[in-house]
Amino acid sequence: MAKKKYMSKLLEETKQLMASRKHTTTISVISKATQLDVNWLYAFENGSIKDPSVTRTENLNNFLKKVNDEKN
């Protein structure tokens, strides 16, 4: 039986926010606003980072929530 992979609530929420973001919130826009590297953002988005840092994930999460709130 395969072991179920654990995903923190922060990571899960951030992945959902990335997947549901508006098309105008591009990786470039996110990078400029958060100072996160474009390559890291692409890797995060496609799931190739196995264990992203909490600090980066939290930074991204906070930005995406803020942008989401502004557009609603």
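**Close-up views of a predicted model**

**View 1. Threonine 26 lies in the loop between H1 and helix H2 (27-34).** Helices are DSSP runs (H or I, at least four residues), numbered from the N terminus. The model is predicted: local features need pLDDT of at least 70, side-chain atom pairs count only at pLDDT 80 or more, and totals for chains, interfaces and linings use all residues. Residues are numbered from 1 along each chain as its sequence is written, and side-chain values use heavy atoms, without hydrogens and water. Threonine 26 is partly exposed, at 33% relative accessible area (buried is under 20%, exposed over 50%, partly exposed in between; 1.4 Å probe, protein chains only). Its C-alpha atom is separated by 14 Å from that of tryptophan 40, 14 residues away along the chain.

**View 2. Helix H1 has a buried side.** H1 has 12 residues and reaches 16 Å from first to last C-alpha. Leu11, Thr14, Leu17 and Met18 are its buried residues. They cover an arc of only 125° around the axis, so they sit on the same side of H1 (the arc is that of directions from the helix axis to the C-beta atoms). Lys9 and Ala19, on the other side of H1, are exposed.

**View 3. H1 (residues 9-20) crosses H3 (residues 38-46) at roughly 100°.** Their axes, lines fitted to C-alpha atoms over the stretch in contact, come within 10 Å. H1 is therefore roughly perpendicular to H3 (65 to 115 degrees, between N-to-C directions on a scale from 0 to 180). Leu11, Thr14, Lys15 and Met18 in H1 meet Leu41, Phe44 and Glu45 in H3 (contact: heavy atoms within 4.5 Å).

Methods. Helix = DSSP H or I, 4+ residues; strand = E, 2+ residues; numbered from the N terminus. Parallel < 35°, antiparallel > 145°, perpendicular 65-115°, else oblique. Expected span 1.5 Å × (residues − 1).
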